[in-house]
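Subject: Structure handover

Hello,

Please read the notes with the model open.

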Amino acid sequence: MAEEATDFGSHATSGQDVDLWHHGDAEVAPGLVDFAVNVRAGAPPPWLADRIAGALTDLAAYPDPQPARAAVASRHGRGEAEVLLTAGAAEAFTLLARVLRPRRAVVVHPQFTEPEAALRAAGHSVERVVLAPDFRLDPGAVPQDADLVVVGNPTNPTSVLHPATVLTELARPGRTLVVDEAFADCVEGEPESLAARSDLDGLVVVRSLTKTWGLAGLRVGYLLAEPALVARLAQAQPPWAVSTPALAAAEECSGEHALAETAAWARALARERRRFAAELDTIGMRVTPEAAGSFLLVQLPPGPERGRCRETGAKVRQALRERGIAVRRCDTFPGLGADWFRIAVRDRDTNAMLTRALSEVL
Ligand SMILES: Cc1ncc(COP(=O)(O)O)c(C=O)c1O
């Protein structure tokens, strides 16, 4: 059973008190409207689906990652030797955990739990730096001698976008700094992305293509790092780990057309996210400010039952399920408790339905 964290000062912990392997998809069931998973709802756009379907005629040959690698490198202004295509961002975390030998690994929480889970599965001990609401990053909270630091930007589940200037303060010789940018393209123009930075010591940027493009089932992502580390990670990767259709998707998603579509989507997302956050605020939910991702992190309003918030949170989630709605529980994220939920930003009508249901339940 997950322990509830109630101490919200920025602090370091090393416990394994939550289920790091819990993911939002476990909360979705047939018939429920899905606010729990952060993948863009529905199918990939037709031009992308067509390209992926076109790759099915090439399945007799082994995958050739070269064209996708070149497309990703060009999209981020990096050299091809700085790019490794992976079976989703998740594979990048596993490869890093298997290849690196950190003396002091630090994960900044609350964040996606897979990087810590992968590190632990590879036998490393992990320290946590747990940020307090509103989850802004103070580089001073990260131990000076940490030789591996993992941070998300924008962060899942807080939706907080850390400034690039703050993140770069964490980079230094002798340290691997992993920035998980799975949701970077939720922000138009990606102003805080470090993906193009080959000048920062030890920087690894991890990107996913599964969220924005509705491709979670295809498994496609990549990492950007200095060539020597990319070569070591590539050696640890199973042969042909990324399939031909996934490589075709990576190439297509790096092109001008895809980038223009992402920018337009990010603009519309920002509008609806602002509106939805304001609406949730009016019913008393505490919305983590300045959200930048495709989701909001919300906390139940304080009430007479606050002391029993674990039960209250579970009851609210259950009551929403009875109204046909799945939200993401957050007591599986270090630093959050059962009175926090992560809510995907859907279209206006769907979002309004959640606000109505939540206000009835509250
Ligand atoms: C922040 C973050 N990073 C990485 C991933 C993994 O993404 P992928 O589907 O590319 O493995 C997820 C998936 O939920 C995520 O939320």
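Which residues lie nearest the centre of the largest cavity? Among the 13 residues that line this cavity, they are Arg 75, Asp 185, Arg 207, Leu 209 and Trp 213. Strand 8 (203-208) and helix 8 (256-282) are the elements that give two or more residues to the lining, and helix 8 gives the most, with 3 residues. By class, the lining has 7 nonpolar, 2 polar and 4 charged residues.

Before going on, the basis of these notes. This is a predicted model, in which local features need pLDDT of at least 70, side-chain atom pairs count only at pLDDT 80 or more, and totals for chains, interfaces and linings use all residues. Residues are numbered from 1 along each chain as its sequence is written, and side-chain values use heavy atoms, leaving out hydrogens and water.

Cavities

A cavity is a set of points on a 1 Å grid over the protein atoms alone where a 1.4 Å probe fits but cannot get out, and lining residues have an atom within 4 Å of a point. A volume is the space filled by probe spheres set on the points, which are joined across faces, edges and corners. Helices (H or I, at least four residues) and strands (E, at least two) are DSSP runs, numbered from the N terminus. Ala, Val, Leu, Ile, Met, Phe, Trp, Tyr, Cys and Pro count as nonpolar, Asp, Glu, Lys and Arg as charged, and the others, Gly among them, as polar.

The whole structure holds 5 cavities of 30 Å³ or more. The lining of the second largest cavity divides into 9 nonpolar, no polar and no charged residues, including Phe 93, Pro 115 and Val 178. Helix 3 supplies the largest share of that lining, 3 residues.

Cores

A nonpolar core is a set of buried Ala, Val, Leu, Ile, Met, Phe, Trp, Tyr and Cys residues joined through side-chain atoms within 4.5 Å. Buried means under 20% relative accessible area, exposed over 50%, partly exposed in between (1.4 Å probe, protein chains only). The largest core has 48 residues, of which Leu 85, Leu 137, Leu 177 and Leu 194 touch the most other members. Helix 7 (residues 244-253) gives the most to this core, with 5 residues. A second, separate core of 26 residues includes Phe 35 and Val 316.

One arginine

Arg 346 sits in the loop between strand 13 (340-344) and helix 10 (348-361). Arg 346 counts as buried because its relative accessibility is 14%.

Regards

Conventions. On a 1 Å grid over the protein atoms alone, a cavity is a set of points where a 1.4 Å probe fits but cannot get out, and a pocket is an open set with protein on both sides within 12 Å along at least five of seven lines; lining residues have an atom within 4 Å of a point.
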